[in-house]
Amino acid sequence: MNLNTLAWRNLWRHKRRTSITASSIAFGVLLAVTFTGAGDYFYTRMIDAGANMGMGHITVAKPDYNRAPSSKKYLQDAENLRQQLLKVDGVSTAFSRIQGQAMFASARKNIGGGFIAVDINQETAANNLFIKALIKGRLPDADSKHTGIILGVDLAKKLELDIGKKVVYTTTDANGEIVSAIARITGLFQTGELQIDGSMALLSLSTAQKIMGYQNDEVSVLAVILNDQRQSVAMRDRLRQQDAFKQVEVLNWEQTQPDLAGMITVDKSTNKISQLMIALLVAAGILNTMLMSVLERMREFGVMMAVGMSPKRLFILVMLESFWLAVIGLIIGIIVTTPWYIYMSQTGIDLSGAYGEGFSFGGVLMDPTFKLRLFGESIIAILIGLFGLALLSGAYPAWRAGRVTPVETLKTL
Amino acid sequence: MAAAIVELKNVIKTYRQGEVQVNAVDKVTLDIHKGDFAALCGPSGSGKTSILNLIGGLDTASSGKVILEGVDLATLSNTALSEIRKSRIGFVFQSYNLIPVMTAFENAAFVLDLQGTNKTECHDRVMKTLADVGLAGLEHRRPDQMSGGQQQRVAIARAIVTHPAIVLADEPTANVDSRTAESLLDLMQSLNEQHGITFLFSTHDQHVIDRAKRVIHVQDGHIVSDQLKA
């Protein structure tokens, strides 16, 4: 009989014990998938949301714009650059945007804030959170003679204005001179994030270009949206190698949104500690089972060694028992976790009752639905991690088995 | 007289019991010859098991030499001792000590598997040996599906299937009733007489002593008598 068969049979000597331990590994799979899947989903949503709100996964801007933003630092020939970006493999889309600080004034009040100007023809509710958050009115016409503006609902309240009313906004132009313009409010957005709703406005790109003295192909930034945000560093480095982007600054989201990157790093660390705790609990269960299984068979191991089995083969035998235990646990884990993952990735749990319609994390608006998403590498990491853990937990009992002294375990020969 | 398979030369085995050192085996000199059907007898604690452990390479002598087929066991590594036990020594234990998850066939084949014997040869040898010990037709039974006597027969099959130089049996009839003991003794005696297998028992059972061709009395670690029956 080969060692594999013997190990398999040994495992089923105590069906209940093996089942409980395999279940604990399966539960570990479920928890690991839930924790990792929540992280993969949550971080991706945050990064994507942050990218859609302003700077993209990759930001192309005038050198030093990110460190010290100024209306004087703007990209020229932006449309040409944008078209080149759209040809790059891995780039989903690229938006031309102008960003700036502004003072908004009504007849009664002045409020400081900021604006983002987008190309109404390029951006939609699907890829722009401000447009998605439009709760009243409509977008300004891209080519209207009358400049329109969309205000955050709280900013409008502070200014005591509503749709159809006029607002004066003051900003700086391409030369750093102060310029003012008047606009009629065409809509209000409500993201749920107080700071954004109370200070931000959305303009059409052409309006902002006209007021700031930019030409048609001059913008603050090109916000590049990638198919996969995890490729942002590689994409940044690739773009930097291309001649077309030598004269501009190419940054990835971690550089343009260091607060968000920092919060994700901290959250990931916390998540990893939780997962480590789960791993230790699973490992303790396996260790306990394997150790009990070895200690109660010391005499049997003594006999095996007496009749000529080597310590090495005995070690391998017990390791194979751990191996099969891990395989059973992982298979059960996959069977149990798959429907849970499918439900959670497609439907999820609506947490709007607890958090409201939207909540922010790291200054980024989040969807209140708790969902899971696992990247391929996370699946592999979970399976290899738990499998390795099971083998590692079996190593000490296997080592104990290999150190059996027949004469001591066999009280009589 | 046949050549000595086992030679013990002035062997001492000392154990420490707390502050006291006890010589479990004390200056024992003994030869076991091919074809012997010998019983080591004596009261509990007399040193019988210690002598078997030393011959079986399960323990090492404090002084003196234990030589098996011309090889001084003290000179061998643990791996080499494992090899010797696997190929040259058969063990029969008092409480059978079969592996519970294996069938009679698999238990008997266990040592052959360790030796890497090919499947066909292994199958033929095991089936023949099981038939020799009276277990033909029971090869698929597991230990918990067999009587004590049948289990001990499987243990004997496991011990002899490799054609060892010597079979060491510790109280082989201690856990079975007298009828079963008689049939086991018949079996071992016939294996000894028909196949020339060398047996060395430790026992207090008078039936075993009566059936042995050679009786070695052990007391306080010494051999006090060594009688060859006519």
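Biologist: In what order do the six strands of the open sheet in chain B stand?
Modeller: First the general idea. Strands of a sheet pair through backbone hydrogen bonds, either parallel or antiparallel. In chain B, the order is E6-E7-E8-E3-E9-E10, and the pairing is mixed. Strand E6 (89–92) and E10 of chain B are the edge strands, and each pairs on one side only. Helices (H or I, at least four residues) and strands (E, at least two) are DSSP runs, numbered from the N terminus. Two strands pair if DSSP finds at least two bridges between them.

Biologist: What kind of model is this?
Modeller: This is a predicted model, where local features need pLDDT of at least 70, side-chain atom pairs count only at pLDDT 80 or more, and totals for chains, interfaces and linings use all residues. Residues are numbered from 1 along each chain as its sequence is written, while chains are lettered from A and ligands numbered from 1 in the order in which they are written.

Biologist: Back to the sheet. Which strands pair with E3(B) in the parallel sense?
Modeller: E3 (residues 37–41) of chain B pairs in the parallel sense with E9 (residues 214–219) of chain B, over four bridges. Look for Leu40(B), which stands opposite Ile216(B) in E9(B). E3(B) also pairs in the parallel sense with strand E8 (residues 199–203) of chain B, over five bridges. There, Ala38(B) has Leu200(B) of E8(B) as its bridge partner.

Biologist: How many bridges join E9(B) to E10(B)?
Modeller: Six, and E9(B) and E10 (residues 222–228) of chain B run antiparallel. Val215(B) stands opposite Gln227(B) in E10(B). The hairpin of E9(B) and E10(B) has two residues between the strands, and Asp220(B) takes a positive phi near 50° in that hairpin.

Biologist: Now the sheet of four strands in chain B. Why is one side of strands E2 and E5 left without a neighbour?
Modeller: This open sheet has the order E2-E1-E4-E5 (chain B), with antiparallel pairing. Strand E2 (20–33) and strand E5 (71–72) of chain B stand at the edges with a single partner strand each, so one side of each has no neighbour in the sheet. Further in, E1 (residues 4–17) and E4 (residues 63–68) of chain B run antiparallel, joined by five bridges. Val6(B) has Leu68(B) in E4(B) as its bridge partner.

Biologist: Which helix lies across E1, E2 and E4 of chain B?
Modeller: Helix H1 (residues 48–55) of chain B does, running at about 60° to E2(B). Axes are lines fitted to C-alpha atoms, for helices over the stretch in contact, and angles run from 0 to 180 degrees between N-to-C directions.

Biologist: At what angle do H3(B) and H4(B) pack?
Modeller: At about 125°, with the axes of H3(B) and helix H4 (residues 119–132) of chain B 10 Å apart. H3(B) and H4(B) are therefore oblique to each other. Angles under 35 degrees count as roughly parallel, over 145 as roughly antiparallel, 65 to 115 as roughly perpendicular and the rest as oblique.
Their contact includes Phe105(B) and Leu112(B) of H3(B), with Val126(B) and Leu130(B) of H4(B). Two residues are in contact if their C-beta atoms, placed from the backbone, lie within 7 Å.

Biologist: How many residues does each chain give to the contact between the chains?
Modeller: Chain B gives 25 residues and chain A gives 17 residues. On the side of chain B that touches chain A, H3(B) gives the most, with five residues. That side has 11 nonpolar, seven polar and seven charged residues. Ala, Val, Leu, Ile, Met, Phe, Trp, Tyr, Cys and Pro count as nonpolar, Asp, Glu, Lys and Arg as charged, and the others, Gly among them, as polar.

Biologist: Turn to chain A. Is it spread out or compact?
Modeller: Chain A has 15 helices and 14 strands. Its radius of gyration is 30 Å, well over the 22 Å that the globule rule gives for 413 residues, so chain A is more spread out than a compact globule. The radius is taken over C-alpha atoms, and the rule is 2.2 Å times the number of residues to the power 0.38. The C-alpha trace of chain A spans about 105 × 50 × 30 Å along its principal axes.

Biologist: Which strands of chain A pair with E2(A)?
Modeller: One is E9 (residues 221–226) of chain A, antiparallel to E2 (residues 91–105) over six bridges. Another is E3 (residues 110–118) of chain A, antiparallel over nine bridges. A hairpin joins E2(A) to E3(A) through four residues. E6 (residues 166–172) of chain A is also antiparallel to E2(A), with three bridges. Phe104(A) stands opposite Tyr169(A) in E6(A).
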